[in-house]
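The sequence and the model are shown first, and the main points follow by topic.

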Amino acid sequence: MNTTPTPQGEPAAASVCDWVADHRDTMLDELARYVNTDTPSDDKECLDAILPRLESWLECALGTPSARRRADGGTYGDTLVWDWPGARPGGPDDDAGTPVLLLCHYDTVWAKGTVAQRPFTIEGDRATGPGVFDMKAGLVQAVWAVRALDALGLPRPPLRLVLNGDEEIGSPTSRPVIEAAAEGVRAALVFEASADGAVKTARKGVGLFRVTATGIEAHAGLDPEKGVSAVDEIARAVLYLHALADPAAGTTVNVGVVSGGTRTNVAAGHAVAHIDVRVADAREAERIDRALAALRPHDPRAVLEWDGEWNRPVMERTPGNGRLYALARERAAGLGVDLPECSVGGASDGNFVAALGIPVLDGFGAVGAGAHAREEHISLAGMTQRTALAADVLRALATREAATVV
């Protein structure tokens with residue numbers, strides 16, 4: 001895709017592009033400091049250390065919020081919810097307007113010490129470093145998009161930023177905070193990484209389940225008939241579970257971890273299988289639920305039990321998502337940029353918001369590739385392009401006319 005903004009429309013869009021381009025080096029400095037700080041999801045000490053620095057940066061960049069909350073994450077990273085009023089230069093600020101939700105997370109999948117091994121590095125148009133693509137560049141782009149509008153005296157809607165520290169492990173403590181923050185918002189922009197430049201208008205729902213088999217231990221050579229192998233039961237259950245996949249319907253089932261037994265000469269008394277399920281619509285989720293409930297042991301002396309839940313609901317491409325995408329695509333075209341859309345198997349916090357019936361545009365963050373991989377990287381041209389586009393979309397959402405769109 002074209003990643004160099006070449007404004008063809010209104011002067012305000014051209015001004016935003018020029019302003020962002022002029023401040024690229026400062027953006028990169030801030031991104032470098034952010035990426036060069038370890039923020040693994042499972043290290044509360046690291047997460048607690050960076051959050052005050054992020055709060056200070058946000059306040060310096062965007063001003064004192066009209067409301068702020070820091071929700072305790074327990075053993076996980078805390079969650080920030082900050083509000084800023086809208087701005088209508090030349091008229092009254094839109095304090096009573098409906099806010100737009102900006103969703104970001106500051107945790108990454110990378111363990112403490114990764115930064116020392118692979119620090120932020122720039123080579124040509126490519127920047128690398130742990131979490132740069134997923135999704136530290138996204139937060140920097142969101143902040144600088146708002147800064148551009150404020151610096152140029154352009155309108156923007158009221159904003160509510162949610163920044164959580166447990167997204168990569170399913171948002172176990174931040175989910176209710178996100179859902180509460182989404183109440184009453186007009187739309188949500190999720191600054192997760194793009195998919196080869198495409199924004200995401202649909203995401204699959206994710207179910208994380210566990211099947212446990214309980215057998216009867218016995219000597220495998222002396223008393224095989226007295227034993228009931230839990231491993232055998234789990235093996236049969238794995239075949240049953242994998243048969244539930246329906247690629248045509250967008251349903252995948254993966255038994256990713258299996259464990260059980262104690263000795264090779266003992267019929268296994270215990271075995272466990274951990275399952276990841278992805279579905280593209282609620283009907284498939286219901287089918288999987290029914291199939292799990294119907295799971296029975298092959299040997300009636302064994303016991304099969306399952307537990308788990310749907311970690312994230314399906315984010316379907318609703319009419320609201322489609323209208324929000326159409327607005328972004330129109331604004332991208334005005335910058336001389338093609339903005340494709342896609343549906344992906346991965347989930348995000350946008351799934352929670354979409355399930356509440358709120359229009360969501362996801363993957364609005366970095367242009368690059370390699371999420372969760374050592375080759376994770378972003379495009380610097382894509383960074384400035386997406387920052388300018390985010391600013392122009394927010395500017396469009398500040399207009400009275402946008403209320404009829406989303």
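In this predicted model, the largest nonpolar core has 73 residues, and those that touch the most other members are Leu31, Leu54, Leu58, Leu189, Phe191, Phe364 and Ile378. Helix H5 (residues 132-151) supplies the largest share of this core, 13 residues. Apart from it lies another core, of 25 residues, with Ala237, Ile275, Ile288 and Trp310 among them.

- Leaving aside neighbours within four places in sequence, Leu189 is in contact with residues including Val100, Leu101, Leu102, Leu103, Leu324 and Leu361.
- Phe364, Val393 and Leu394 are also among the contacts of Leu189.

**Aromatic pairs**

- The structure holds five aromatic pairs.
- One of them joins Phe191 and Phe364 edge-to-face, at 5.6 Å centre to centre and with 65° between the planes.
- Phe191 lies in the loop between strand E7 (187-190) and strand E8 (199-203), and Phe364 in the loop between strand E14 (360-361) and strand E15 (368-369), so this pair ties together parts that are 173 residues apart in sequence.
- Both Phe191 and Phe364 are buried.
- The rings of Phe209 and Trp310 also form an edge-to-face pair, because their centres are 5.3 Å apart and their planes stand at 80°.
- This second pair links distant parts of the chain, with Phe209 in strand E9 and Trp310 in strand E12, 101 residues apart.
- Phe209 is buried, with a relative accessible area of 5%.
- Phe209, Trp306 and Trp310 are linked into a cluster by ring pairs.

**Strand E9 and Gly207**

- Strand E9 (residues 205-214) includes Gly207, which is buried with a relative accessible area of 0%.
- Beyond its neighbours within four places in sequence, Gly207 is in contact with Ile275, Asp276, Val277, Glu309, Trp310 and Asn311.
- Gly207 and Val228 are 21 residues apart in sequence, and their C-alpha atoms are 29 Å apart in space.

**Helix H7**

- At 1.5 Å a residue, the 13 residues of helix H7 (residues 230-242) should span 18 Å, which agrees with the 18 Å between its end C-alpha atoms.
- At the start of H7, a side-chain oxygen of Ser229 comes within 3.3 Å of the backbone nitrogen of Val231.
- The buried residues of H7 are Ala230, Glu233, Ile234, Ala237, Val238 and Leu241.

Definitions and conventions. Residues numbered from 1 in each chain as written. Predicted model: local features only at pLDDT ≥ 70, side-chain atom pairs only at ≥ 80, totals over all residues. Heavy atoms only, no water. Helix = DSSP H or I, 4+ residues; strand = E, 2+ residues; numbered from the N terminus. Buried < 20%, exposed > 50% of the residue type's maximum accessible area, 1.4 Å probe, protein only. Contact = heavy atoms within 4.5 Å. Expected span 1.5 Å × (residues − 1). Polar contact = N/O pair within 3.5 Å; in protein donor to acceptor, adjacent residues only side chain to side chain. Core = buried A, V, L, I, M, F, W, Y, C linked by side-chain atoms within 4.5 Å. Phe/Tyr/Trp six-rings, centres within 6.5 Å; stacked < 30°, edge-to-face > 60°.
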